[in-house]
Amino acid sequence: MAMPAVPEPDIDQLRRWIGREETAEDTVTADLARKFHATLDLPGPPPQAGDAVPRLIHFCLAQPAAPTAELGPDGHPARGGFLPPVPLPRRMWAGGNVAFDGELRVGDAVRRTSRIADVVAKQGRTGPLCFVTVEHVIEAGGRAAVRERQDLVYRGPDGGAKAPAPPAEPGRQQRRVEAGATLLFRYSALTFNGHRIHYDRRHATEAEGYPGLVVHGPLQATLLCHFAAAIRGTPPARFVFRSHSTLFDGDAVALHAGEAEGEALRLWTARESGPVAMAAEAFWD
């Protein structure tokens, strides 16, 4: 069956969003820390008042809260607000670069300032692509605790046969993950992410053509970041990640880590006998 025509993004119009900013505020509550700790099966007791909270919990803080009536059919907020109105139907979090300048603690009042840093159009193998770069600064008590670059990619529906990617190499250290529907639903709730591909199987398979529920990119990044912390014995000072392929809830998923190279550790996720899904590096310098 022929794929529907995908409109070419009007890049000149979309680049007018560069420099647009928004701010949001939130509080690092003990309840959020407890639920994050439980969702990820982190070891030990959850943080209490004044304790440092786990890395990448800021993905759960100060998230947009669009009214339900203003959501699109895929569960995302309607386009054209803070993010540019890219006409391509699929949006994914392609990667990011996170620097931890300090600790977030239970009880902290936080302020997130976000800025559209760049909008770029490219031609991919299956059609047009649009990349949007967003920069975030998360402050607590007037100090920057987290600085993040977030890379979003918009694309059309998949079409045509794809050359198979080679299987991922096995890591020196590995950890199995049960990335089932319950974990995906709980993480969607923690991050207030209404995108239906992560919890609505019928929408994911029938409307978007996926073979199952999609494992969140930020969830994979968070699992890898905490795997790195467990290996090293301390959380990283910087964490970089990029998505290469998609994982689904029916996959047998594993976290992998390679050899440490000085103050850096290479990590990746993959399904059994499958290609790298997300690649990451953790740094302690």
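**Close-up views of a predicted model**

View 1. In the pair formed by Y210 and F248, the ring centres lie 5.8 Å apart and the planes meet at 50°, so the pair is described as tilted. The two residues belong to distant parts of the chain, since Y210 sits in the loop between α4 (201-207) and α5, whereas F248 sits in the loop between β7 and β8, 38 residues apart. A pair of aromatic rings is described by the distance of the centres together with the angle of the planes.

View 2. Ten strands form an open sheet in the order β1-β3-β4-β5-β2-β7-β10-β9-β8-β6, and their pairing is antiparallel. The edges are strand β1 (21-27) and strand β6 (173-177), each of which pairs on one side only. On average, and with direction ignored, neighbouring strands of the sheet are turned by 20° against each other. Helix α5 packs on this sheet, where the helix touches β2 (90-100), β6, β7, β8 (253-261), β9 (264-271) and β10, and its direction makes about 135° with that of β9.

**View 3. Strand partners within the sheet.** Strand β7 (residues 238-243) and strand β10 (residues 276-283) run antiparallel and are joined by six bridges, with F241 standing opposite A280 in β10. Strands β6 and β8, also antiparallel, are joined by five bridges, and here Q174 stands opposite H256 in β8. Strands β8 and β9 pair in the antiparallel sense over seven bridges, and L255 has T269 in β9 as its bridge partner. These two strands, β8 and β9, form a hairpin with two residues between them, and G262 in the turn has a positive phi of about 65°.

**View 4. The largest nonpolar core.** In soluble globular proteins, nonpolar side chains tend to be buried together. The largest nonpolar core of this model holds 50 residues, of which L56, L104, L219, F239, F241 and L267 touch the most other members. Helix α5 (residues 217-232) gives the most to this core, with seven residues. Apart from this core lies another, of 12 residues, among them L88, C130, V134 and L152. When its neighbours within four places in sequence are left aside, L56 is in contact with F36, V98, F100, A221, T222, C225 and F239.

**View 5. Charged side chains over aromatic rings.** R55 lies over the face of F100, at 4.5 Å from the ring centre. In a second example, K122 lies over the face of F131, at 5.2 Å from the ring centre.

View 6. F82 is found in the loop between α2 (30-39) and β2. Its relative accessibility is 14%, and because buried means under 20%, F82 counts as buried. Residues up to four places away in sequence are not counted here, and F82 then touches W17, R20, E21, E22, S114, R115, I116 and V134. F82 and W17 are 65 residues apart in sequence, while in space they are 7.9 Å apart, C-alpha to C-alpha.

Technical notes: Residues are numbered from 1 along each chain as its sequence is written. This is a predicted model: local features need pLDDT of at least 70, side-chain atom pairs count only at pLDDT 80 or more; totals for chains, interfaces and linings use all residues. Side-chain values use heavy atoms; hydrogens and water are left out. A nonpolar core is a set of buried Ala, Val, Leu, Ile, Met, Phe, Trp, Tyr and Cys residues joined through side-chain atoms within 4.5 Å. Buried means under 20% relative accessible area, exposed over 50%, partly exposed in between (1.4 Å probe, protein chains only). Helices (H or I, at least four residues) and strands (E, at least two) are DSSP runs, numbered from the N terminus. Contact means heavy atoms within 4.5 Å. Two strands pair if DSSP finds at least two bridges between them. Axes are lines fitted to C-alpha atoms, for helices over the stretch in contact, and angles run from 0 to 180 degrees between N-to-C directions. Rings of Phe, Tyr and Trp (its six-membered ring) pair if their centres lie within 6.5 Å; planes under 30 degrees apart count as stacked, over 60 as edge-to-face and the rest as tilted. A charge sits over a ring if NZ of Lys or CZ of Arg is within 6 Å of the ring centre and within 35 degrees of the ring normal.
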